[in-house]
Amino acid sequence: MVSTRPQLEEMRRSIDADLDEVIGRPKSVALLMFPFDGNVGNHMMWLAITRYLAERDVRVGYSAHAGNLDIPAMRRAIGDDPVLFLGGVTMSSLWPDHREAKRRVAAECPQNRIVQLTSTTLFIDDDDREAARHVFDGHPDVSILARDPSSAEQLESLYDGEVQVRLSHDSAFRLGARESKIGESGIGWLARNDAERLAADGPSIETFDWPEIYEPIHRTTYLALRTTGLLSRLRGSRSVGGRLGRLVNASISRGYGWASSRLVDYGVDVLSTRHVLVTDRMHPHVLAVMIGQQVVLLPDKFGKNRAVFDYSTQRFPNVHWADDADTAREIADTLMGTDAT
């Protein structure tokens, strides 16, 4: 296991300074786009920001995923306090529900500061870029944290000073180092199976993806998330406000937090079974950094991984870049102490 604690602690201080600047110290916030899926990386970001807010004594007054966002209920819960959107790749039409949620909030909540947490800026074509330009039309107070310099430059060009852009490391890094017993043998190959995939499957290596590993713990998280669904319908009633409304929203946030914590723990367990991880997903390689596992990072279709590697993770001694699957296998074999075959 490779020690990464000093670099992670330095990165956490930098992330916290960025979050302090764009969020401030409001009494409460809305935190939107809870990842109602098995993508461990999204749950890492959710867990990281909720822990940050708890440490700053900022109450999550309202939280929601793409399917249960109720803007009137949100405004009753937080008043004029800020609205935070979870990070990721959420300005592109690759994930239309996320972009539409931002557009709606910007149009209906001009009095609430909007903060887009650390994300990558990518567009599939010029039409996609043009549509993103109008997401925040007319809103007076929008801040976006970009997790690599290329994303920051694109945002500054796209919005031409109409939004505040700040460069910051991905929020998941603030989870910090954690103890895990890394397997002594084997190579794990975690490969994307969605629109951002570029690399081929690893040669002679069984591959898997996050959504495929969600099922084994689905039953233990289902009840908590089912309960949050029932509560979210309850809070839609105008009669649910005041102390009862705060209780309902707090219960929803706790349910989301429990599910995210459970999925991140499970992700650690899955990665830790192998000595070396090869992946074209960004957050699994961040998780490998956190547990001190040797990891080989491959490119994705849009350049996100390379941008994060150059800005954030090339500083870690356990992170290695490969341009293609064959090179990744060679590096992984070397890290295992064997000859490539």
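Visitor: How should I class R56, buried or exposed?

Guide: R56 is buried, with a relative accessible area of 16%. The cut-off for buried is under 20%. Keep in mind that this is a predicted model.

Visitor: Which residue forms a salt bridge with R56?

Guide: Look for a side-chain nitrogen of Lys or Arg within 4 Å of a carboxyl oxygen of Asp or Glu. Here the partner of R56 is D20, and the closest N and O atoms are 3.0 Å apart. D20 sits in helix α1, and R56 in the loop between α2 and β2 (59–64), so the bridge ties together parts that are 36 residues apart in sequence.

Visitor: How accessible is D20?

Guide: D20 has a relative accessible area of 28%, so it counts as partly exposed. R56, at 16%, is buried.

Visitor: What does the salt bridge of R174 look like?

Guide: The side chain of R174 meets that of D16, at 2.7 Å from N to O. D16 belongs to helix α1 (residues 5–23), while R174 lies in the loop between β6 and β7 (187–190), so this pair links parts 158 residues apart in sequence. R174 and D16 are both buried.

Visitor: Which salt bridge can you show me within a helix?

Guide: Take R133 and E130. Their closest N and O atoms are 3.1 Å apart. Both residues lie in helix α5 (residues 126–133), three residues apart, which is about one turn of the helix. R133 is partly exposed at 31% relative accessibility. E130 is partly exposed too, at 36%.

Visitor: How many salt bridges does the rule count?

Guide: The count comes to 16.

Visitor: Next, surface charge. Which residues form the negative patch?

Guide: To join a patch, a residue needs over 30% relative accessible area and no salt bridge. The negative patch here consists of D323, D324, D326 and E330.

Visitor: Where does D324 lie, and how accessible is D324?

Guide: D324 is in the loop between β11 (319–321) and α12 (325–335). Its relative accessible area is 35%, so D324 is partly exposed.

Visitor: And where is E330 found?

Guide: E330 is in helix α12. E330 is partly exposed as well, with a relative accessible area of 44%. For a sense of distance, take E330 and E184: they are 146 residues apart in sequence and 18 Å apart in space, C-alpha to C-alpha.

Visitor: What is the spacing of A73 and R238, in sequence and in space?

Guide: A73 and R238 are 165 residues apart in sequence, with 7.6 Å from C-alpha to C-alpha. A73 is placed in helix α3 (residues 71–78). At 5% relative accessibility, A73 counts as buried.

Visitor: Now the backbone. What should I look for in phi?

Guide: Start from the general rule: most residues other than glycine have a negative phi. Then look for exceptions. M33 is not a glycine, yet has a positive phi of about 75°. D160 is not a glycine either, and has a positive phi of about 50°.

Visitor: Where are M33 and D160 found?

Guide: M33 lies in the loop between β1 (28–32) and α2 (40–55). D160 lies in the loop between α6 (149–159) and β6 (164–167).

Visitor: Is M33 buried or exposed? What about D160?

Guide: M33 is buried, at 2% relative accessibility. D160 is exposed, at 67%. The cut-off for exposed is over 50%.

Visitor: Where is Q293, and how accessible is Q293?

Guide: Q293 is in the loop between α10 (282–291) and β10 (294–297). Its relative accessible area is 0%, so Q293 is buried.

Key. Residues are numbered from 1 along each chain as its sequence is written. This is a predicted model: local features need pLDDT of at least 70, side-chain atom pairs count only at pLDDT 80 or more; totals for chains, interfaces and linings use all residues. Side-chain values use heavy atoms; hydrogens and water are left out. Helices (H or I, at least four residues) and strands (E, at least two) are DSSP runs, numbered from the N terminus. Buried means under 20% relative accessible area, exposed over 50%, partly exposed in between (1.4 Å probe, protein chains only). Patches are made of residues with over 30% relative accessible area and no salt bridge: like charges are joined within 9 Å, nonpolar side chains (Val, Leu, Ile, Met, Phe, Trp, Tyr) within 5 Å. Accessible areas come from the Shrake-Rupley method with a 1.4 Å probe; for residues, only the protein chains shown count as cover. Lys and Arg count as positive and Asp and Glu as negative; His and the chain ends are not counted. The place of a charge is taken as NZ of Lys, CZ of Arg, CG of Asp or CD of Glu.
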